[in-house]
Amino acid sequence: MAKIDIKVYKDLMGENEKWAAKTRELLRENDVYMLNIIGSPGCGKTALLENSVRRLEGKLRFAVLEGDVETTRDAERLSALDVTVYQLISGGACHLEAKLVHHALRDLDLDNLDVVIVENVGNLVCPAEFDIGEHGKIAVLSVTEGEDKPIKYPLLFSKAIAVILTKTDLLPHLNFDIDACEDYIRQVNAGMPVLRVAAVTGEGMDRWIAGLVERNFAKRI
Amino acid sequence: MHEFSICQSLVDAIVSELDRIAEPRPFKLISARVVVGAMRQIAPDILQTAYGLMTKGTAAKDSALEIVKVPATGKCDECGWNGEMRDAFIQCGRCGKAGIELTGGMELYLDNLEIEPDGQD
């Protein structure tokens with residue numbers, strides 16, 4: 001019997017995209033700015049947020065959605081401070097998908113928030129593939145990692161709206177060439193804003209905080 | 001390992017397409033073709049494994065998955081170059097400008113299904 005060909009042409013990200021679109025709508029209605037923070041395990045995402053909470057007090061009302069494969073440890077770290085934190089457990093999945101984030105957002109008091117920060121599951125690959133309806137992805141890379149990570153994981157570093165290089169207080173002890181790293185970043189995205197931050201000492205935090213307040217990371221201060 | 005969640009969307013899409021087929025009945029799915037852009041970080045082997053596991057017990061069981069990779073292409077607003085990019089560098093193939101506009105490479109879609117009538121007739 002003859003075989004029959006059926007043309008389909010169906011986008012496989014369609015379902016995720018549907019939820020991401022709903023989230024964009026929800027954020028627009030409530031004038032809430034949402035960022036999706038992506039970086040390896042241990043790159044300092046939670047430390048960055050801990051420091052941010054203190055600096056944003058009285059300036060900006062914000063909430064954090066913590067994505068982890070298991071445990072609520074990161075959420076506990078942050079909820080010790082004065083900020084609304086929800087834990088999203090991906091249950092083994094290596095990334096957050098739009099549907100889970102959307103449902104968590106619906107539970108937040110969006111009327112009384114300016115910014116929602118989603119800390120994605122620690123991973124440079126998978127979270128970059130999934131749009132969760134955010135205004136922008138922030139790539140976080142610590143100086144204890146390899147400076148060539150941007151060209152090894154080009155998708156994330158080309159799609160992000162800014163890159164944060166963390167733990168810069170450790171630079172004197174490392175062989176990390178931070179200028180070479182910035183060059184690699186600009187090889188995948190020529191206009192990428194790069195912020196150098198040490199959350200422990202607070203160095204460089206001002207530009208990150210100003211970016212959150214102004215919803216723009218391109219400006220140098 | 002996001003291949004498993006992508007595979008779930010793939011299997012859902014195939015099953016819903018197969019549901020809509022009126023003629024011929026009964027039929028058997030021979031193969032499904034999926035198009036994946038080079039900028040997508042998808043490991044074909046893992047996608048194949050996921051496909052074998054996740055089609056079990058569905059209308060797509062025992063079918064083959066054909067994965068077609070398409071290259072990352074770009075357009076340079078500096079020199080007007082248009083073409084296929086090498087490696088991970090999102091760079092102009094002529095003047096070398098970095099971070100040029102991607103015109104292809106993010107594809108991820110179910111392209112077509114091949115079925116054949118199943119049964120005596």
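Predicted model: local features only at pLDDT ≥ 70, side-chain atom pairs only at ≥ 80, totals over all residues.
The size of an interface is often given as the accessible area lost when the parts come together. For chain A and chain B, this buried area is about 3,000 Å², with 62% of it on carbon and sulfur atoms. Within the share that chain A buries against chain B, Ile6(A), Leu12(A) and Glu129(A) supply 22%, more than any other three residues. The contact draws on 32 residues from chain A and 34 residues from chain B.

Polar interactions also cross the interface. Between the two chains, 15 residue pairs are in polar contact, counting pairs in which both residues are at pLDDT 80 or more. The elements of chain A that give two or more residues to the side touching chain B are strand E1 (4-11), helix H6 (154-159) and helix H7 (178-188). Of these, E1(A) gives the most, with 8 residues. By class, this side of chain A comprises 19 nonpolar, 4 polar and 9 charged residues. The interface of chain A and chain B contains 2 salt bridges. Glu129(A) forms a salt bridge with Arg40(B), in which the closest N and O atoms are 2.7 Å apart.

Strand pairing also links the two chains. E1(A) pairs with strand E6 (residues 108-117) of chain B in the antiparallel sense, over 6 bridges. Lys7(A) has Asn112(B) as its bridge partner in E6(B).

Asn189(A) lies in the loop between H7 and strand E8 (194-196) of chain A. Because its relative accessible area is 19%, below the 20% limit, Asn189(A) is classed as buried. A polar atom of the Asn189(A) side chain lies 3.0 Å from the backbone oxygen of Ser158(A). When residues up to four places away in sequence are not counted, Asn189(A) touches Phe157(A), Ser158(A), Ala160(A) and Gly99(B).

Helix H8 (residues 205-214) of chain A is mostly covered, with 7 of its 10 residues buried. These buried residues are Met205(A), Arg207(A), Trp208(A), Ile209(A), Ala210(A), Gly211(A) and Leu212(A). The elements of chain A that cover them include strand E2 (33-39), helix H2 (45-56), strand E5 (115-119), strand E6 (136-142), strand E7 (162-166) and E8. Arg215(A) follows H8(A) and has a positive phi, near 60°.

Notes:
Residues numbered from 1 in each chain as written. Chains lettered and ligands numbered in written order. Heavy atoms only, no water. Contact = heavy atoms within 4.5 Å. Buried area = accessible area lost by both parts, 1.4 Å probe. Salt bridge = Lys/Arg side-chain N within 4 Å of Asp/Glu carboxyl O. Polar contact = N/O pair within 3.5 Å; in protein donor to acceptor, adjacent residues only side chain to side chain. Helix = DSSP H or I, 4+ residues; strand = E, 2+ residues; numbered from the N terminus. Nonpolar A, V, L, I, M, F, W, Y, C, P; charged D, E, K, R; others polar. Pairing = 2+ DSSP bridges. Buried < 20%, exposed > 50% of the residue type's maximum accessible area, 1.4 Å probe, protein only.
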